[in-house]
Amino acid sequence: MTTRPVRVLAAAALLLGAAACSSSGGDPLAAPTTSASGPGPASGGGSGKTVVVGSANFPENVLLASIYSQALKAKGVSVQEKFNIGSREVLYGQLQSGNLTVLPEYNGALLGYLDPKTTAAGTQAVDAALLQKLPAGLTILDPAAAEDKDSLTVTQESAAKLGLKSIADLNGKAADLVIGGPPEFKSRREAQFKDVYGLTFKEWKPTGETTANALKDNAVQVGNVFTTDPRLVQLKLVALDDPKNVFSVQNIVPLVNRAGIDATATAALNAVSAKLDTAGLTALMTRVSVDKEDPSAVAADWLKTNGLS
């Protein structure tokens with residue numbers, strides 16, 4: 001969820017790699033070909049446009065995108081799904097270009113991407129700052145109470161052995177520890193940890209979705225694990241406190257291309273935000289990550305339970 005500068009060649013490589021990741025088995029960035037009402041550019045939501053819902057390439061974001069997609073379809077909106085595309089560095093440009101219409105985002109991480117020096121704290125302040133930083137063609141809709149924060153996480157054994165309760169406690173110890181996280185985690189956070197907490201780690205490993213397991217196996221000693229990841233409890237991991245707020249609030253929020261949505265689509269997405277809380281999202285992620293249920297089926301159950309389907 002955290003993000004930052006990527007060279008053109010790296011972005012191009014991500015775009016090429018994304019072609020293998022589409023939920024439909026094709027290029028996730030290809031032009032829309034299907035909709036809620038079948039093949040072709042069927043009209044929906046009163047605008048006559050197909051709303052293209054995209055997602056990043058990790059399970060929670062795919063789940064959220066499926067919730068958005070199905071909520072829109074329930075209101076008669078024509079929808080094209082382009083899931084598992086890649087990181088924010090790719091997704092943001094696709095939304096700006098109009099190739100995507102809607103993305104599930106995390107307000108604090110998105111603000112950090114647009115303004116790495118931001119000091120905004122709290123949902124209202126972060127959202128206000130976002131609205132100032134976003135270009136005219138993009139905006140955010142209502143934030144959900146649901147929050148999924150980045151964390152620096154260790155095992156219970158490491159916490160006890162090294163006396164770790166907060167990220168600040170890693171000072172003087174980080175140089176002997178290997179840290180893991182998404183492939184982009186180093187470029188996004190290395191300078192911040194050094195500047196804010198004075199931390200320089202021994203090595204950075206791109207552990208991606210296996211970070212929690214890599215911690216348990218001691219392949220890394222510190223890891224970037226999201227706070228709604230059910231493996232925090234399952235594997236008895238400890239998310240360290242962040243007293244200097246390197247990781248800001250991370251409310252789930254729809255990021256949209258203004259030209260691609262109308263009042264019907266806006267209302268459908270805001271209705272999702274009104275119902276989605278952190279406990280509920282964690283329970284959904286247990287079904288997806290631990291029980292290995294299909295995200296689209298889990299999304300459908302949640303929408304039905306909350307009267308949105």
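The protein has 12 helices and 12 strands. These elements are DSSP runs, numbered from the N terminus: helices are H or I runs of at least four residues, and strands are E runs of at least two. The model is predicted, so local features need pLDDT of at least 70 and side-chain atom pairs count only at pLDDT 80 or more, while totals for chains, interfaces and linings use all residues. Residues are numbered from 1 along each chain as its sequence is written, and side-chain values use heavy atoms, with hydrogens and water left out.

Of the 309 residues, 50% count as buried, that is, under 20% relative accessible area with a 1.4 Å probe, protein chains only. The accessible surface comes to about 13,400 Å², computed by the Shrake-Rupley method with a 1.4 Å probe. Carbon and sulfur atoms hold 53% of that surface. Contact means heavy atoms within 4.5 Å. Among contacts with a separation of 6 or more, 76% join residues 24 or more positions apart.

Helix α4 spans residues 107–114. It is largely enclosed by the rest of the structure, because 6 of its 8 residues are buried. These are N107, G108, A109, L110, L111 and G112. Their cover includes two helices, α3 (88–97) and α5 (123–133). Strands β5 (102–106) and β12 (252–257) also contribute to the cover.

An open sheet of 5 strands runs in the order β9-β8-β10-β7-β11, with mixed pairing. Two strands pair if DSSP finds at least two bridges between them. The edge strands, β9 (203–206) and β11 (237–239), each pair on one side only. From one strand to the next, the twist averages 30 degrees. Strand β8 (residues 178–181) pairs with β9 in the parallel sense over 4 bridges. Here G181 stands opposite P206 of β9. Helix α7 (residues 185–197) packs on the sheet and touches β7 (152–155), β8, β9 and β10 (222–224). The direction of α7 makes about 150 degrees with that of β9. Such angles run from 0 to 180 degrees between N-to-C directions, and axes are lines fitted to C-alpha atoms, for helices over the stretch in contact.

A helix pair is formed by α2 (residues 59–74) and α10 (residues 263–275). Their axes come within 9 Å and cross at roughly 130 degrees. The two helices are therefore oblique to each other, a class left after angles under 35 degrees (roughly parallel), over 145 (roughly antiparallel) and 65 to 115 (roughly perpendicular). The crossing of α2 and α10 is right-handed, meaning that the near helix is turned clockwise from the far one by less than a right angle. Helix α2 makes the contact through I67, Y68, A71 and L72. Helix α10 supplies A265, A268, L269 and V272.
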